[in-house]
Structures are given as structure tokens and as C-alpha cells.
Amino acid sequence: MTNSFSIIIINWNTANLINKCLESIYNTTSPTKKEILIVDNNSSDNSQKTIIDLNKKYDFKYIFSGKNLGYGKACNLAASKTKNSLLLFLNTDIVLSPNYLKIIEKYFYILFVTIIRREIYLAI
């Protein structure tokens with residue numbers, strides 16, 4: 001049995017990184033359906049245009065917050081809009097390896113996984 005999960009990406013002024021992050025998500029091998037949600041924290045660069053353009057290529061939901069909520073509140077906002085209970089939070093500088101999602105799915109129910117600044121914190 002496979003489980004659907006949601007990937008939440010928080011963006012703030014990282015238009016130059018978001019494409020590689022999304023590309024890595026879509027290039028992973030994963031037997032489950034992924035829901036992807038991007039929250040833009042009121043970026044002042046061209047992030048909003050970049051996200052809109054990328055949405056033509058990749059299937060994801062996006063929210064433009066209108067103000068910088070901070071990382072935690074942006075995560076909570078996105079989590080409240082997802083349809084899945086299994087959540088993976090990413091920053092835009094994360095590039096997933098091709099088998100990452102396949103591997104992590106095996107452990108999603110027993111581990112809570114948050115990736116922040118390229119470090120993995122696990123809590124049992």
C-alpha cells in the first residue's frame with residue numbers, strides 16, 4: 001500500500017533556486033502521488049513571475065502570502081492547504097537525489113522528517 005504525501009516548499013527571494021528544486025522533485029522515482037505546494041513569502045526579486053512560469057511546466061499549487069510570514073508560519077499556512085497528512089518541508093536550495101523519495105517513503109510513518117538548510121533532523 002502506498003501513501004500520498006505533500007511536499008511544501010517555502011520561497012523568499014530565491015527565484016534562482018526554485019527551478020532546480022522542483023526539477024529534482026519531478027525527477028525522483030516515487031510510486032506515490034505527490035502534491036506540491038509552494039509558498040512565496042512576499043519576495044522582492046522575480047520569484048513570483050518565476051513560480052507562475054514554472055507552474056506551466058510542473059503541476060503544483062502556490063500561495064503568494066502578501067507579506068513575509070517567516071518560515072514557520074509559511075509552513076503552517078501551506079500545511080493547512082494540503083490534502084495529505086504526510087508532509088515533507090523543503091527549502092528552495094534542496095536538490096533531491098533520484099531515489100530520495102522512494103527511500104523516505106519507507107520511513108514516513110515512523111519518522112517525522114524536516115529538511116532545513118541541507119541538514120536532516122529526525123525525531124522518532
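## A look at the predicted fold

The protein exposes about 7100 Å² of surface, with 54% of that area supplied by carbon and sulfur atoms. Keep in mind that this is a predicted model. Of its 124 residues, 45% count as buried.

As for the layout, the protein has four helices and six strands. Read from the N terminus, the order is β-α-β-α-β-α-β-α-β-β. Among contacts with a separation of 6 or more, 72% join residues 24 or more positions apart.

Now for helix α1. Its twelve residues cover positions 15–26, and the run from first C-alpha to last reaches 18 Å, close to the 16 Å expected at 1.5 Å a residue. Which residues of α1 are buried? They are A15, I18, C21, L22, S24 and I25. An α-helix has 3.6 residues a turn, so residues three or four places apart point the same way. The cover over the buried residues of α1 includes these elements:

| Element | Residues |
|---|---|
| β1 | 5–11 |
| β2 | 34–40 |
| α2 | 47–54 |
| β4 | 87–91 |
| α4 | 100–105 |

How far can you trust the details? The average pLDDT of the protein is 83, and 81% of the residues score at least 70. Helix α2, part of the cover on α1, has the highest confidence at 96, while strand β6 (residues 119–123) has the lowest, with a mean of 46. Over residues 112–124 the pLDDT is below 50, though this stretch still has 31 contacts in the model beyond near neighbours in sequence. Where pLDDT is low, the predicted coordinates should not be read in detail.

Technical notes
Residues numbered from 1 in each chain as written. Predicted model: local features only at pLDDT ≥ 70, side-chain atom pairs only at ≥ 80, totals over all residues. Heavy atoms only, no water. Helix = DSSP H or I, 4+ residues; strand = E, 2+ residues; numbered from the N terminus. Buried < 20%, exposed > 50% of the residue type's maximum accessible area, 1.4 Å probe, protein only. Contact = heavy atoms within 4.5 Å. Areas by Shrake-Rupley, 256 points an atom, 1.4 Å probe, with all protein chains shown as cover. Expected span 1.5 Å × (residues − 1). pLDDT = per-residue confidence, 0-100.
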